[in-house]
Amino acid sequence: DFKSVLQEEGVAIEDRLACACRFLKDEALQAATTDLIASKMATGQLDGLLLTGLTPRAEPLLRRYVERTSDLQTAALLLCHFAAAPSLSAAARRSQHSAPWQESRRRTPLWEQWLDDYSDLLDRWQMWEHRAVLDIAMSAIAPRARPPEVHLACTSCGQPTTLAIKVEGQNGNKGEAQSG
C-alpha cells in the first residue's frame with residue numbers, strides 16, 4: 001500500500017509524486033495527485049506549486065501561504081512569472097483609479113493587490129531601485145494604462161496654448177520663445 005508513502009510529510013513532494021507515478025494505476029494516480037494538491041493548498045506550502053504550476057490554480061495556495069506566513073514578498077515575486085496566465089495578464093492593471101479606493105480594491109484581483117502592496121512596501125522602505133526593477137518586470141506582464149494627457153487652453157478664448165520656438169533669422173531674435 002503506497003498510501004502511507006504518499007501521505008508521509010517527511011518525504012519530499014517530488015519523491016511522493018514520483019512514487020505515485022511509478023506504482024499507481026491511472027485512477028489511483030489521479031486521486032493521489034488531487035489529494036496532494038488539496039493538502040498543499042490547505043496548508044499553503046509552496047512546494048505545492050510543483051503540482052499546480054504558476055497558473056491561476058495556484059492562487060488559493062498562494063493566498064493561504066500569505067495568510068500563514070505574512071510573506072508578501074515571496075508571493076509578489078512569484079507572481080512576476082505569471083505572464084502566461086490569461087487571467088493574470090490583463091492590461092487593466094491600475095486602471096481603476098476613478099472609483100473610490102475601497103470599492104476599487106474589492107474589484108481588483110488579489111494578485112494585483114499583492115503586487116500593489118509589495119510596491120508600496122518597497123516605497124516605504126525607500127528601496128527605489130528594487131521598486132524600479134519590479135515595475136519593469138511587471139510592465140511586460142501587465143502594461144499600465146496610459147496616463148492622462150494634459151492640454152492647456154487660454155481661459156479667455158479657450159484656444160489651446162502652445163509654446164513655439166522662433167527659428168533663427170525671424171525678426172532677428174534668435175531662439176526666443178513665444179506663446180500662441
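This is a predicted model: local features need pLDDT of at least 70, side-chain atom pairs count only at pLDDT 80 or more; totals for chains, interfaces and linings use all residues.
Residues are numbered from 1 along each chain as its sequence is written, and side-chain values use heavy atoms, with hydrogens and water left out.

**Overall layout**

I counted nine helices and two strands, taken as DSSP runs numbered from the N terminus (helices are H or I with at least four residues, strands are E with at least two). Along the sequence, the order I wrote down is α-α-α-α-α-α-α-α-α-β-β.

**Helices H3 and H5**

The axes of H3 (residues 26–43) and H5 (residues 59–69) come within 7 Å and cross at roughly 35 degrees; such axes are lines fitted to C-alpha atoms, for helices over the stretch in contact, with angles from 0 to 180 degrees between N-to-C directions. From H3 I listed Lys40, Met41, Ala42 and Thr43, and from H5 Pro60, Leu61, Arg64 and Arg68, contact meaning heavy atoms within 4.5 Å. These residues divide into four nonpolar, one polar and three charged, where Ala, Val, Leu, Ile, Met, Phe, Trp, Tyr, Cys and Pro count as nonpolar, Asp, Glu, Lys and Arg as charged, and the others, Gly among them, as polar.

**Helices H6 and H8**

For H6 (residues 72–79) and H8 (residues 110–124), I found axes that come within 9 Å and cross at roughly 120 degrees. Leu72, Gln73, Ala75, Ala76, Leu77 and Leu79 of H6 meet Trp111, Trp114, Leu115, Asp117 and Tyr118 of H8, and by class this contact has nine nonpolar residues, one polar and one charged.

**Second largest pocket**

I then turned to the second largest pocket, which is lined by 14 residues, with Lys3, Leu6, Gln7, Ala32 and Asp35 nearest its centre. A pocket here is an open set of points on a 1 Å grid over the protein atoms alone, where a 1.4 Å probe fits, with protein on both sides within 12 Å along at least five of seven lines, and lining residues have an atom within 4 Å of a point. H3 gives the largest share of this lining, six residues, and the lining as a whole has seven nonpolar, two polar and five charged residues.
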